[in-house]
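The following note sets out some points for a colleague who is examining this structure. Please read the points with the sequence and the model at hand.

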Amino acid sequence: MRVYVETGILIDYLAQGPFAMLRATTRRGRDPARLLADATEVLQEISARHEGAASAFACYEAEEALYRLIRVSLQGQPHAAAARLTAARPILGQALTAARFFGLTVLPLVEDAVEALARADELVNHRVRAADGLHLMAAAAFDADLVLSADADLLRVDRLVRNRSGRPMHCCDTNVAMTALR
């Protein structure tokens, strides 16, 4: 099975130690420790038995998420802009390292994905914004059968978008992914 891993799942895995602030609340009844455990289990399963990928765009989104959180905590401080970037940049490398550690192919963000998104009227009708749509287009081009996501907007379009082979892609969070992966 081909599996596309969206940013939120990488963040679940990375949200520990200095990056714990990225997952400080529950999601769908699971606390941050459970989200980490679920992400780890799913990523290990992908690594062992499946073909996985994530977009280079996910590395950017991980940094941007941390940057936004740090921005609030450093507001009004001298040299805050430089401090925010210095504090946030390491997660970009950590996201890339995590993807490689679990054997995920890191897909480039390419013009074809943007063109495909521009033609995907059904995503506009379902209120899927550009960032999430780019993940779906990357997953479709990768020929993913399964899209793992923490994002409610992506979960809402489960089986709506077809992969390159014409099969509808199943979109789910890690709490149900193990069933799909077995």
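1. Helices in this note are DSSP runs of H or I with at least four residues, numbered from the N terminus. The model under discussion is a predicted one. Helix 3 covers residues 56-73, and phenylalanine 57 and tyrosine 60 lie 3 residues apart in this helix, so about one helical turn separates them.

2. The rings of phenylalanine 57 and tyrosine 60 have centres 5.6 Å apart and planes at 20°. Because planes under 30 degrees apart count as stacked, the pair is classed as stacked. Phenylalanine 57 counts as buried, with a relative accessibility of 15%, whereas tyrosine 60, at 43%, counts as partly exposed.

3. How many aromatic pairs does a search of the whole structure find? The search returns 3. One of them joins tyrosine 13 and phenylalanine 102, whose ring centres are 5.1 Å apart; their planes stand at 85°, so this pair is edge-to-face.

4. Where do tyrosine 13 and phenylalanine 102 lie? Tyrosine 13 belongs to helix 1 (residues 7-14), and phenylalanine 102 to the loop between helix 4 (80-101) and strand 3 (105-107). The pair therefore ties together parts that are 89 residues apart in sequence. Both tyrosine 13 and phenylalanine 102 are buried. Together with Phe101, Tyr13 and Phe102 form one aromatic cluster.

5. A further ring contact concerns a charged side chain. Arginine 2 places its charged end over the ring of phenylalanine 142, at 4.0 Å from the ring centre.

6. An open sheet is formed by 5 strands in the order 3-2-1-4-5, with parallel pairing.

7. Strand 4 (residues 146-148) and strand 5 run parallel and are joined by 3 bridges. Which residue of strand 5 is the bridge partner of valine 147? The partner is cysteine 171.

8. Helix 7 (residues 130-142) lies across strand 1 (2-5), strand 2 (51-55), strand 3, strand 4 and strand 5. Relative to strand 1, helix 7 runs at about 160°.

Key. Residues numbered from 1 in each chain as written. Predicted model: local features only at pLDDT ≥ 70, side-chain atom pairs only at ≥ 80, totals over all residues. Heavy atoms only, no water. Phe/Tyr/Trp six-rings, centres within 6.5 Å; stacked < 30°, edge-to-face > 60°. Helix = DSSP H or I, 4+ residues; strand = E, 2+ residues; numbered from the N terminus. Buried < 20%, exposed > 50% of the residue type's maximum accessible area, 1.4 Å probe, protein only. Lys NZ or Arg CZ within 6 Å of the ring centre and 35° of its normal. Pairing = 2+ DSSP bridges. Contact = heavy atoms within 4.5 Å. Axes fitted to C-alpha atoms, helices over the stretch in contact; angles between N-to-C directions.
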